[in-house]
Amino acid sequence: MEPVYATREDVQRALDVQPSAASARQIDRALQSASRDVDSLCHRKFYPWQGTYGFDWPGSQYRPSWRIWLDDHGLISLTSITSGGVPIDPDDVVLYPNDGPPYNRVETGLGSNATWGGGDTHQQDVTLTGLWGYTLDETTDGALTAAVASTTDTALTVDGPTSAAVGVGSVLRIDDERLLVTGRTMAGTGQTLAADLAVQKNATTVTVADASVFAVDETLLIDGERARITDIAGNTLVVERAVDGSTLAAHTAGTALYAPRTLTAARGALGTTAATHANAAPVHRWQPPGLVRDLAIANAMDRLLQEQAGYARTTKTGNGGGKASSAVPLESLRTQTYNAHGRKARHRGV
């Protein structure tokens, strides 16, 4: 499974869809298709991947002989190089462009002794090991609240800030391991209502013993009602009631508060190795470029809406003609994304 460029929750909120197992499967499938469409449009993959690619060393048809084009393999950072099985010091090569990453070519330093070649043939003679992708834009949202003692354990418990920022589809890094979030379930926060909560939409203040363990935008489960935290003042949570299609209800003091802080994750993802992690280890979240995320959401929404209409959903244009719904603004977003992040065509002379 390849990473996606937006989360299930992004699409659910955009469409105002009530969470359910059926809608989750539809959204996940649409996001996979939408994200791969972004890759195809931009002729590159944006997510980080640690590993090795092999390249032909430049023959006479690919002069100059000191340069290797990486084509659609964008490079973020370089770890090691071999040519003909012989290691080359990474300090003896130059990565371009100078304002990268992503880097699109590597050249042997003209002032060094490094050269390509040495194998039996030019084919796949050069291997580059490093971090591939577009850019490594990560934020540290929060931390684990329990140690991960096994390399096969797929359940992680996180704190409120992580719960608020992460969704199904997020790419996380804990220490040197990357993980793909594939599910979320409710977990106890250790907090309860400190006062009754009325069955009124304008009853939006939730008093707790310690509000520092919560985060703005985190979703709470109170009995069967879901509420989203919009602000925090002292030990009072300001919430939006009855979100995600849940039903407004009255709740009594002492009711336990739950939040989606248990993450199910695919371990050792994107070329990394599963490892154990200590309690309170920071959780880092990879962020795709803004336009890439926006286009993935828009593509997924369009696919879901068109699927509901049997791919016949249209809107009238000024001249009375019909055009696929949202085709014009979606095409504009595609153009913006390609202009900002697309890998432009490069022609070689043969």
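## Strand pairing

In strand S7, Val 126 is the bridge partner of Ser 83. Strand S3 (residues 75-83) and strand S7 (residues 126-132) run antiparallel and are joined by seven bridges; strands are DSSP runs (E, at least two residues) and helices likewise (H or I, at least four), numbered from the N terminus. Two strands pair if DSSP finds at least two bridges between them.

These strands belong to an open sheet of four strands in the order S1-S7-S3-S4, with antiparallel pairing. Strand S1 (49-55) and strand S4 (86-88) each have a single partner strand and stand at the edges, so one side of each lacks a neighbour in the sheet. From one strand to the next, the twist averages 30°.

## Basis of the model

This is a predicted model, in which local features need pLDDT of at least 70 and side-chain atom pairs count only at pLDDT 80 or more, while totals for chains, interfaces and linings use all residues. Residues are numbered from 1 along each chain as its sequence is written, and side-chain values use heavy atoms, with hydrogens and water left out.

## Helix packing

H1 and H2 pack at an angle of about 110°, their axes lying 9 Å apart (axes are lines fitted to C-alpha atoms, for helices over the stretch in contact, and angles run from 0 to 180 degrees between N-to-C directions). H1 is therefore roughly perpendicular to H2, a term covering angles of 65 to 115 degrees. Arg 8, Val 11 and Gln 12 of H1 meet Ser 23, Ala 24, Ile 27, Asp 28 and Leu 31 of H2, contact meaning heavy atoms within 4.5 Å.

## The largest pocket

The largest pocket holds about 780 Å³ of space. A pocket is an open set of points on a 1 Å grid over the protein atoms alone, where a 1.4 Å probe fits, with protein on both sides within 12 Å along at least five of seven lines; lining residues have an atom within 4 Å of a point. The volume is the space filled by probe spheres set on the points, which are joined across faces, edges and corners.

Its lining comprises 38 residues, with Glu 9, Val 166, Gly 167, Val 168 and Arg 184 nearest the centre. H1 supplies the largest share, five residues.

## Backbone features

Cis peptide bonds join Tyr 96 to Pro 97, with omega about 0°, and Gly 100 to Pro 101, with omega about 5°. Pro 97 lies in the loop between strand S5 (93-96) and strand S6 (105-108), and Pro 101 lies in the loop between S5 and S6.

Technical notes: Angles under 35 degrees count as roughly parallel, over 145 as roughly antiparallel, 65 to 115 as roughly perpendicular and the rest as oblique.
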